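Welcome! Please take a moment to look over the sequence and the 3D view, and then we will walk through a few features together.

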Amino acid sequence: MRRFLKSLQVMLGMVLVIGPQHVLACATSEPSCLRELYSRPPAQWPAPQVDAGVAWQELGPLPERAPSPAYNPYTQQKADLGRRLFFDPRLSRSGQIACASCHEPDLGFADGRRVSFGHDRAAGRRNAPSLVASGLAKKLFWDGRADSLEMQALMPVVDPKEMAFSVAQLVARLRDTTDYPTQFAQVFPGQALGAEQVAAALATYQRGLLRVAQRTPFERFLRGQAKALSDQQLQGLHLFRTKARCMNCHFGPGMQDDRFHNAGLTFYGRLREDLGRYEVTGLAQDVGRMRTPSLRLVSHTGPWFHNGLASSLDQVLLFYNAGMPRPVPKEGQLQDPLFPVTSAQLKVLELDRTELKALKAFLEAL
């Protein structure tokens, strides 16, 4: 019976919610029905459309801040010190580039550029991801080369195309200031001002950035404000969970899966080639795979994709609606073990214009 009802749901484009005593059927674009369905606790929402084997987690409200590891417990003083460091250009060789130069609060802690630039205006090759939900991620950077925020914190400092400094020079500069030594001594009593303390403070500040996304319409909706989403946004939420297949990769409070996927944008053998996760692991199956970004504040963090290829959410949705690019090997590449393969989870969606607009409206509520 349930298999028959599931087939009927797909065939008719209807929501079928099976309860102990009744079946509720309605068109997926019918506002009153969707509002009734999603007025329930998330655990009772219609099941998402995900592939077999995907260990998805239900969407949910964000915590006040991301959890801290035992070796770097949260304190407000430490977060305040981290905030000061985050906005201080003295962390760079030139004294002109701060962490906030590529992660601006008004831009969802991204930078609004296709790719970021750093020391001497050198252009990087990847788009600056938002840091808002970085504290919920198990791997950092597009290629996942850092296992924690503490590990990630100083990597941009020593990158020659970013802040082009050294850890030793940074620590010496901070020790030579009139006020940093005193503040570090208050936050880390009995410890010398060093790289470990700088990284710990920066990581602590970033774990508190979740608060930036706690005022969005979707967050208010998750916290019980039923009218926080419009009818169109509510339709977008349902599409996000079902026909658009978004919850194959974007789920849980952070709306990301802590995994890496090839979205077909490797540009293998061409000017914009980026081998992604392969550069970290050396595994052929990781060629072109990039970390799934959080969708929190996604409408504020463009351009999108790891290379900033999409300049609008409309373009992003058109890419995904078409199933993303699927490069075909040319002559001479047929036996190439590194030829990238687009993720099988990306499929042609066949969303119509009304559905695309509704999905975009939902993304704008995040």
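Predicted model: local features only at pLDDT ≥ 70, side-chain atom pairs only at ≥ 80, totals over all residues.

## Finding your way around

## Where two helices meet

Let's begin with a pair of helices. Helix H2 covers residues 31-38 and helix H10 covers residues 231-241; their axes come within 10 Å and cross at roughly 65°. The crossing of H2 past H10 is left-handed.

Which residues of H2 and H10 meet? From H2 come Pro31, Leu34, Arg35 and Tyr38, and from H10 come Asp231, Leu234, Gln235, Leu237, His238 and Arg241. By type, the residues of this contact are 5 nonpolar, 2 polar and 3 charged.

Now follow the chain on from H10. An unreviewed UniProt entry gives the feature "binding site" at Cys246, Cys249 and His250. Cysteine 246 sits in the loop between H10 and strand S3 (260-262), and cysteine 249 is in the loop between H10 and S3 as well.

Is cysteine 246 buried or exposed? Its relative accessible area is 17%, under the 20% cut-off, so cysteine 246 counts as buried. Beyond its neighbours within four places in sequence, cysteine 246 is in contact with Phe240 and Leu359.

Cysteine 249 has a relative accessible area of 14%, so this residue is buried too. Setting aside neighbours within four places in sequence, cysteine 249 is in contact with Gln256, Asp257, His261, Thr292 and Gln345.

Technical notes. Residues numbered from 1 in each chain as written. Heavy atoms only, no water. Axes fitted to C-alpha atoms, helices over the stretch in contact; angles between N-to-C directions. Helix = DSSP H or I, 4+ residues; strand = E, 2+ residues; numbered from the N terminus. Left-handed = near helix turned anticlockwise from the far one by under 90°. Contact = heavy atoms within 4.5 Å. Nonpolar A, V, L, I, M, F, W, Y, C, P; charged D, E, K, R; others polar. UniProt positions renumbered as here; feature names shortened; annotations may be inferred. Buried < 20%, exposed > 50% of the residue type's maximum accessible area, 1.4 Å probe, protein only.
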